[in-house]
Amino acid sequence: PQTDIVFLKVHKSASSTVMNILFRFGETHNLTFAFPHGGGFQLYYPHHFMARFVQGFSPKSPQRFNILCHHMRFLQPEVQKVVPSSAVYFSILRNPVQLMESSFMYYKGASAFSHVRSLEEFLSQPQLYYDPTKGDSNYAKNLMTFDFGFNPNAEVSAERVQLMVKAIEASFDFLLISEYFDESMVLLKEMLCWDLDSVVSFPLNTRDSSTKSSLSDSVVEKIKEWNRLDWEIYTHFNRTFWERIDRDIGRERMEREVRALRERQAELARTCLQGTGSVAPKDIKDSSLRPLQHGGARILGYNLKQGLDKETEHMCRRLVTPELQYSSALYKKQFPPMPP
């Protein structure tokens, strides 16, 4: 199994669920994480990543970390300073239409979105509200392009798109697609030589459907146009994702593997969860399992069954622990506080 991993955690793309998978794998195998200084949750995002952002990194000591997976703006030469040269690089993409709708709800306080009542209103005259010089403008245009380290306001041309795609392909071993999450997990398992239980998950950081809005065809087209660079990246890697599956796994085996994954997930849900799945934040009984609420989104969580034996309870709890709480717990384990 591969234990040296760089995961570029692209915003609003099921990346918190992938992060939980990496946290559990790292904890089980006693691996080290490249944590932000002081146990923060982002590597000084939205600045381009620098090795010095990582707690415990020193240019003098050759210490490398096994897993780098917190939010960052990708810059490979700096990333290479903190992980072994054998590290596998991967990321996840999401359809820019859904991504923008999600970003609008989640980052409602961002400067570009704070003065409009709806996404439609923003898209009717984006130039009126969007100021590329603002520090949070990245949430409002070509967010994936930005996270990969490129200029989200660059002119769209065939040459530029080709250069971006080539650069991503040169840096990353594979890209997952969040719309095909289960297929992505099978591919991940395959590429990392992991077992099924290592890639099983419950969806984390998901929104209550009442805060999701359906989009008209004209809005969908405007989103694609406004996020043209993202759209080009997404359509390219969505295509190569299926080409890779056909080449490395085959559709029949993929179907079998996805079925096995879903069955295992359902089995774990029956073992671990009260009720049938996620619940609204106000209904989460254990406050340590309550996810951070952000913007206009209502982020769902889970209730664990009572009376589980110790080992099962531990396994179940790790599956449903929100990102911030899990990250803090692993940070304290890796950097124990000094005794007074």
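## Cysteines and the disulfide

At 0% relative accessibility, Cys316 counts as buried (under 20% relative accessible area, with exposed over 50% and partly exposed in between, using a 1.4 Å probe on protein chains only). Its partner is Cys272, as a disulfide joins the two with an S to S distance of 2.0 Å; a disulfide is a pair of cysteine sulfur atoms within 2.5 Å. Cys272 is likewise buried, at 0%. The torsion about their S-S bond is about -70 degrees, so the disulfide is left-handed. Cys272 belongs to helix α12 (residues 251-272) and Cys316 to helix α13 (residues 310-320), so the bond ties together parts 44 residues apart in sequence. Helices (H or I, at least four residues) and strands (E, at least two) are DSSP runs, numbered from the N terminus.

The count comes to 1 disulfide. The sulfur of Cys69 has its closest cysteine sulfur in Cys193, 20 Å away, which is too far for a bond. Cys69 is buried, with a relative accessible area of 0%, whereas Cys193 is exposed, at 54%.

## Basis of the model

This is a predicted model, in which local features need pLDDT of at least 70 and side-chain atom pairs count only at pLDDT 80 or more, while totals for chains, interfaces and linings use all residues. Residues are numbered from 1 along each chain as its sequence is written, and side-chain values use heavy atoms, with hydrogens and water left out.

## The cavity

A search of the whole structure finds 1 cavity of 30 Å³ or more. On a 1 Å grid over the protein atoms alone, a cavity is a set of points where a 1.4 Å probe fits but cannot get out, and a pocket is an open set with protein on both sides within 12 Å along at least five of seven lines; lining residues have an atom within 4 Å of a point. Grid points are joined across faces, edges and corners, and a volume is the space filled by probe spheres set on the points.

The largest cavity has a volume of about 50 Å³. Its lining includes Pro96, Met100, Tyr139 and Asp230, and helix α3 (residues 96-106) supplies the largest share, 4 residues.

## The largest pocket

The largest pocket has a volume of about 910 Å³. Of its 44 lining residues, Lys12, Ser16, Leu204, Asn205 and Thr206 are the closest to the centre. Two or more lining residues come from each of α1 (15-28), α3, α8 (181-192) and α14 (323-334); α3 gives the most, with 5.
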